Amino acid sequence: MTRHPIFDGPFNFRDLGGYRGAGERAVRRGLLYRSDSLGKLATPADLERFRALGIGTVIDLRYPWEIARRGRIPELAGVAYHNLSIEHRPYNQAEIDPDVDPWRYLADRFAEVAADGVTEIRQVLELIAAADRPVVFHCASGKDRTGLIAALVLTLLGVAEDDVAADFALTELVTARLVADWHAANPGRTLRWPSYGRAPEQVIRLTLADLAAAHGSVRAYATDALGFDEELIGRLHARLLSA
């Protein structure tokens, strides 16, 4: 749990720094964070911890209706908030058929997000590359939409797939909390999908393989589908990799 700054509300907040990237340069710590919903930052202590990180940009990957239902981060002086919903085909993970291959099913949903959300995904990456202060991006549980963005950024930084997959799977440490949150929000309902809240490495490995099969590589997905160019990828490297 060493990558998880401690908050009373959000429990899947972590630093993406420390991994080895292109040219043996390390991903810098304290510049890019991923999280579950920052609408959970409700206590004065949490807000003080958040301010101490020096974050200047918050990117909320949820649908507007999720934000209306569950809330967003409070407005904080000097913090820019952006809502960029990268998913365009909502689905209910609690109701996934228990008989389907769960990891293939989730990877297929990730492929839909990667295909449907190219405009928003590009905007997310542009905001990360352009920021002059730390950035955090998040969805509801910090698992799927957040996991996809994290995997794309780390891969574009040259981080090895094993490390990308290991980062994705850190959410497994909080699966029990995600399940407990679901039950608290849905009293009297049955959680149909037994793998709810899981984030095994296989899901993101399948996703990266799918992108490579469709585009040749994740970098080619960025240049061809997202419209990135080498200059923008270079800005990500300059911003997030050590000298």
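The following legends describe views of a predicted model of one protein chain.

**View 1. Overall fold of the protein chain.** Ten helices and five strands make up the secondary structure of the protein chain. Along the principal axes, its C-alpha atoms fill a box of roughly 50 × 45 × 30 Å. Of contacts between residues at least 6 apart in sequence, 73% join residues at least 24 apart.

**View 2. Surface and charge of the protein chain.** Of the 243 residues, 51% count as buried. The chain carries 29 positive and 33 negative side chains, and the centres of these two sets lie 4 Å apart.

**View 3. The aromatic pair of Phe7 and Phe13.** The protein chain contains seven aromatic pairs. One of them is tilted and joins Phe7 to Phe13, at 4.9 Å centre to centre and with 55° between the planes. Phe7 counts as buried because its relative accessibility is 9%, under the 20% limit. Phe13, at 1% relative accessibility, likewise counts as buried. Together with Tyr33, Phe7 and Phe13 form one aromatic cluster.

**View 4. The aromatic pair of Phe110 and Phe168.** Phe110 and Phe168 form an edge-to-face pair, with 6.1 Å centre to centre and 75° between the planes. Phe110 belongs to helix α3 (residues 102–116) and Phe168 to helix α6 (residues 161–169); the pair thus links distant parts of the chain, 58 residues apart. Both Phe110 and Phe168 are buried.

Conventions: Residues numbered from 1 in each chain as written. Predicted model: local features only at pLDDT ≥ 70, side-chain atom pairs only at ≥ 80, totals over all residues. Heavy atoms only, no water. Helix = DSSP H or I, 4+ residues; strand = E, 2+ residues; numbered from the N terminus. Buried < 20%, exposed > 50% of the residue type's maximum accessible area, 1.4 Å probe, protein only. Contact = heavy atoms within 4.5 Å. Lys, Arg positive; Asp, Glu negative; His and termini not counted. Charge placed at Lys NZ, Arg CZ, Asp CG, Glu CD. Phe/Tyr/Trp six-rings, centres within 6.5 Å; stacked < 30°, edge-to-face > 60°.
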